[in-house]
Amino acid sequence: NIDRQTAIVLPVMSFEIQGLRYDGSRKLPTVNRVAVKNTNENKLSFVYNPVPYNIDLSLYVISKTQEDGMQIIEQILPTFTPEYTLQINMVPEMGIIMDVPVILNSVSVVDEYDGAFTERRFVTHTLNFEMKLNLKR
């Protein structure tokens with residue numbers, strides 16, 4: 001039947017922010033400022049030191065078979081050894097670029113298939129990350 005509704009198209013990936021935690025070990029003095037000279041106007045621009053936070057993220061890979069899920073996972077894992085550093089343009093108007101490490105903490109697999117042919121099989125791979133971010137004040 002061509003008009004049949006599809007329940008879900010696999011594989012699919014999604015992410016979720018699990019939480020935010022203040023990181024006191026990376027704290028800088030809050031009253032210090034970073035100054036950048038604006039070459040066009042010959043003025044100084046200021047921004048206060050950022051506030052350090054760790055963001056916990058989960059990436060979910062849902063696939064129909066173990067093999068399909070592993071083909072996706074094997075494309076992601078080599079990038080993290082165990083971290084990957086992103087360069088983020090924190091304050092574009094001042095040209096401030098920050099390095100943000102993303103750390104792969106764990107990978108888990110859940111396969112709840114019991115073997116009945118009438119049931120759909122879902123294999124879920126969960127990758128847990130920690131991002132060491134600085135928030136602008």
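Reply: Two strands count as paired if DSSP finds at least two bridges between them; strands (E, at least two residues) and helices (H or I, at least four) are DSSP runs, numbered from the N terminus. The model is predicted, so local features need pLDDT of at least 70 and side-chain atom pairs pLDDT 80 or more, while totals for chains, interfaces and linings use all residues. Residues are numbered from 1 along each chain as its sequence is written, and side-chain values use heavy atoms, without hydrogens or water.

Strand β5 (residues 83–91) runs antiparallel to β6, and eight bridges join the pair. At one of these places, Asn89 has Ile97 of β6 as its bridge partner. Four residues separate the two strands of the hairpin, where Gly95 has a positive phi near 70 degrees.

A nonpolar core is a set of buried Ala, Val, Leu, Ile, Met, Phe, Trp, Tyr and Cys residues joined through side-chain atoms within 4.5 Å; buried means under 20% relative accessible area (1.4 Å probe, protein chains only). This core has 15 residues, and Ile76, Phe80, Leu127, Phe129 and Met131 have the most contacts inside it.

Leaving out residues up to four places away in sequence, Met131 touches Tyr53, Asn54, Ile55, Leu57, Leu86, Val100, Pro101 and Val102, contact being heavy atoms within 4.5 Å. Another core, of five residues, lies apart from the largest one and includes Val47, Met90, Val91 and Ile96.

Definitions and conventions
Buried means under 20% relative accessible area, exposed over 50%, partly exposed in between (1.4 Å probe, protein chains only).
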